[in-house]
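Welcome! Here is a short briefing to read alongside the sequence and the 3D view.

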Amino acid sequence: MSSEAEPMTIEPLPANPEWTASWSAAVHLYRHLVTGGVPGEVSTSLLLAPGEATYSDLTLGYARFYGMDVTYQQSGAYFRGGLLFVAAGLAANAVSNNIAKQRAENQAAPQWREHCAARVVVTNYCVMCFVHGRWLRFAYSNVVDFNADMLNGVCYLIFDGAEPLQLAGLQVPWLVVLLSSFLYGPKRLSALPFLETIARA
C-alpha cells in the first residue's frame with residue numbers, strides 16, 4: 001500500500017433539468033425578441049384591463065424590502081440583598097435589556113420580508129402577485145429600476161412609492177427576459193448588463 005494519499009476527485013453536481021430548460025427558454029425568447037418577434041400570450045381567468053394580455057403564470061419566491069417599527073420591553077427588576085448579589089443582578093438585567101434592544105433593532109432594520117411562494121402573473125401592463133389571499137398589482141409605470149442576478153435566479157423591481165419586490169426561482173432567467181422587453185423595449189435588451197450571459201449563449 002502506497003504511503004502517499006491518492007488525489008481526491010469531486011464529481012460535478014448533476015444539472016437541474018428545470019433550470020436548464022428555463023435557461024434554454026430564456027435564450028430562445030431573447031433571440032426571438034431581438035429579431036423582431038413578440039412574446040406569446042397565455043390564457044387566464046383573471047379580469048384584465050382593456051388591451052391587457054397575460055404572458056406568464058408562474059409560482060415564484062416572493063419577498064418585499066422594508067423596515068418596521070418594533071417595540072421591546074425593558075426589564076426594571078428590583079434587587080435586594082448583599083452588595084455582590086445586587087451588583088450581579090443589575091449586571092444581568094443590563095445584559096438582558098441590551099440583548100432585547102439589539103434584537104428589536106435587528107428586527108426593525110430594513111430587510112427582505114414576507115418570504116413566501118406566490119402566484120406571479122405577468123401582463124403587458126404589470127406584474128400581479130397572489131400573496132396571502134389577495135392580488136397585488138405592480139404597474140410598470142411605477143418601476144424606477146429593474147435588476148437581476150441571473151445565475152442565482154433572482155430579480156428585483158424597485159418602485160416609486162412602494163417597497164421593492166424580489167422574485168426568485170428556477171424560471172427567473174426566462175421571466176427576466178420577458179419583463180425586460182416590457183420595461184425597456186426589445187431594442188434595448190442587448191444593452192442590459194444582466195442579460196449579457198443570455199446574449200452570449
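How many bridges join E5 to strand E6? Six bridges join E5 to strand E6 (residues 154–159), and the two run antiparallel. This is a predicted model, in which local features need pLDDT of at least 70 and side-chain atom pairs count only at pLDDT 80 or more, while totals for chains, interfaces and linings use all residues. Residues are numbered from 1 along each chain as its sequence is written, and side-chain values use heavy atoms, with hydrogens and water left out.

**The sheet**

- Seven strands form an open sheet in the order E4-E3-E2-E1-E7-E6-E5, with antiparallel pairing; strands (E, at least two residues) and helices (H or I, at least four) are DSSP runs numbered from the N terminus, and two strands pair if DSSP finds at least two bridges between them.
- E4 and strand E5 (143–149) stand at the edges with a single partner strand each, so one side of each has no neighbour in the sheet.
- From one strand to the next, the twist averages 30°; axes are lines fitted to C-alpha atoms, for helices over the stretch in contact, and angles between N-to-C directions run from 0 to 180 degrees.
- In the pairing of E5 with E6, valine 143 stands opposite phenylalanine 159 in E6.
- Helix H3 (residues 172–183) packs on the sheet, and the strands it touches include strand E1 (54–66) and strand E7 (165–168); contact means heavy atoms within 4.5 Å.
- The direction of H3 makes about 95° with that of E1.

**Helix H1**

- Among the buried residues of H1 are Trp23, Leu29 and Tyr30, where buried means under 20% relative accessible area, exposed over 50% and partly exposed in between (1.4 Å probe, protein chains only).
- The face of H1 turned away from its buried side carries the exposed residues Pro17 and His28.
- After H1 comes glycine 36, with a positive phi near 100°.

- Most residues other than glycine have a negative phi.
- Glutamate 114, in strand E2 (residues 111–123), has a positive phi near 65° and is partly exposed, with a relative accessible area of 30%.
- Histidine 132 has a positive phi of about 50°; this residue lies in the loop between strand E3 (126–131) and strand E4 (134–139) and is exposed, with a relative accessible area of 62%.
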